[in-house]
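User: I have not looked at this one before. Can you walk me through it?

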Amino acid sequence: MKTIIVYGLRRSGNHFLISIILQQFSNYVHLNDTDLSYDKYVKYKNIEKKKERNDNIWTGFKDVECVVISLENKTINNNELDKFRKIDNCYFLILLRCPYCHFSSVWKVYNKNESRLLEITKLWKIYADYFIHNNGFIKVLYDELLSKENYKINLLKKIGIDNINENEYKKIMWGESSFNSNSAHKQQVYKTLENCVFKDDKNFLKLVKDKEIDNLWDLVTKSAF
């Protein structure tokens with residue numbers, strides 16, 4: 001059985017990444033937005049599967065090909081991760097998205113909720129630091145994952161998937177812009193804050209105009225490959 005633990009922030013492409021992975025398996029379980037617990041992993045590994053996907057709680061995954069544990073907006077629990085490191089065929093992924101795209105999406109989707117955006121910006125810095133210094137994670141840059149086929153294929157190979165199901169792989173529907181309901185439009189990319197759709201929104205800028213974020217993003221792009 002393959003075990004994949006994914007750390008990603010909301011609005012950073014979690015579902016897109018996980019859909020790419022799960023389309024490679026016929027028998028899987030996806031535990032979404034749960035807590036990371038090695039003890040629960042050991043317990044539920046021996047309980048029969050009832051559902052392919054469960055939110056917020058653990059469910060059985062006995063004899064499945066792959067279990068994905070996705071942790072959204074969670075602080076990184078190194079103590080629990082160390083316990084998982086002794087498991088064969090276990091992979092740790094950390095997902096990051098360009099901050100200018102990411103924060104814009106959060107600002108729009110959560111109706112300009114300042115506390116929600118502030119939470120994301122704080123966690124983004126933490127995730128960026130892990131991304132830069134690796135710390136045992138396979139790094140996934142959403143902007144590259146969405147736009148480059150070779151990047152996706154190489155990612156799957158890093159988690160031990162060589163026989164890629166290309167027909168299903170091309171049917172993934174996530175990845176459209178948060179700013180346009182027309183799925184024919186490609187993902188919007190803001191390379192800098194000055195390119196951002198909310199560049200004139202003072203409340204937005206108050207939360208995201210941060211030299212530390214700029215510096216971290218520069219280091220992320222340099223360490224991404």
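Predicted model: local features only at pLDDT ≥ 70, side-chain atom pairs only at ≥ 80, totals over all residues.

User: How many helices and strands does the chain have?

Analyst: There are ten helices and six strands.

User: And how much of the chain is buried?

Analyst: Of the 225 residues, 52% are buried.

User: What share of the contacts comes from residues 24 or more positions apart?

Analyst: Such pairs account for 74% of the contacts with a separation of 6 or more.

User: Ok, the sheet. What is the strand order?

Analyst: The order is E3-E2-E4-E1-E5-E6, in an open sheet of six strands with parallel pairing. Strand E3 (53-55) and strand E6 (138-141) are the edge strands, each pairing on one side only. On average, neighbouring strands are turned by 20 degrees against each other, direction ignored.

User: Which helix packs on the sheet and touches E3, E5 and E6?

Analyst: That is helix H1 (residues 14-22), which also touches strand E1 (2-8), strand E2 (28-32) and strand E4 (66-72). The direction of H1 makes about 175 degrees with that of E4.

User: Tell me about E5. How many bridges join it to E6?

Analyst: Four bridges join strand E5 (residues 90-96) to E6, and the two run parallel. Leu93 is opposite Ile138 in E6, and Ile94 is opposite Lys139 in that strand. E5 also pairs with E1, again in the parallel sense, over five bridges. There, Tyr91 in E5 is the bridge partner of Ile4.

User: Why call E5 largely enclosed?

Analyst: Because seven of its seven residues are buried, E5 is largely enclosed by the rest of the structure. Both faces are covered. Cys90, Phe92, Ile94 and Leu96 are buried on one side, and Tyr91, Leu93 and Leu95 on the other.

User: Why two sets like that?

Analyst: In a regular strand, side chains alternate between the two faces of the sheet.

User: What about the nonpolar core? How many residues are in the largest one?

Analyst: The largest nonpolar core has 77 residues. Those with the most contacts inside this core are Ile5, Tyr7, Ile69, Phe84, Leu93 and Phe204. Helix H5 gives the most to the core, with nine residues.

User: Take Ile5. What does it touch?

Analyst: Leaving out residues up to four places away in sequence, Ile5 touches Leu36, Ile69, Leu71, Leu81, Phe84, Cys90, Tyr91, Phe92 and Leu93.

User: I also spotted Phe137. Where does it lie?

Analyst: Phe137 lies in the loop between helix H5 (114-133) and E6.

User: Buried or exposed?

Analyst: Phe137 counts as buried, because its relative accessibility is 5% and the cut-off for buried is under 20%. Beyond its neighbours within four places in sequence, Phe137 is in contact with Tyr7, Ile76, Leu81, Phe92, Leu93, Ile94 and Tyr130.

User: Changing topic: how many salt bridges does the structure hold?

Analyst: There are 15 salt bridges. In one of them, the side chains of Asp210 and Lys125 meet at 2.6 Å, N to O. Asp210 is in the loop between helix H9 (202-208) and helix H10 (211-223) and Lys125 is in helix H5, so this pair ties together parts 85 residues apart in sequence.

User: What else does Lys125 form a salt bridge with?

Analyst: Lys125 forms a salt bridge with Glu212, where the closest N and O atoms are 3.1 Å apart. Glu212 is in helix H10, so that pair ties H5 to a part 87 residues apart in sequence. Glu212 is partly exposed, at 42% relative accessibility.

User: Which residues are linked in a network of salt bridges?

Analyst: Arg10, Asp33, Glu72 and Lys74 are linked that way.

User: Last one, Ser223 in H10. What does it touch?

Analyst: Ser223 touches Phe131, Ile132 and Lys139, not counting residues up to four places away in sequence. Ser223 counts as buried, at 16% relative accessibility.

Methods:
Residues numbered from 1 in each chain as written. Heavy atoms only, no water. Pairing = 2+ DSSP bridges. Axes fitted to C-alpha atoms, helices over the stretch in contact; angles between N-to-C directions. Contact = heavy atoms within 4.5 Å. Buried < 20%, exposed > 50% of the residue type's maximum accessible area, 1.4 Å probe, protein only. Core = buried A, V, L, I, M, F, W, Y, C linked by side-chain atoms within 4.5 Å. Salt bridge = Lys/Arg side-chain N within 4 Å of Asp/Glu carboxyl O.
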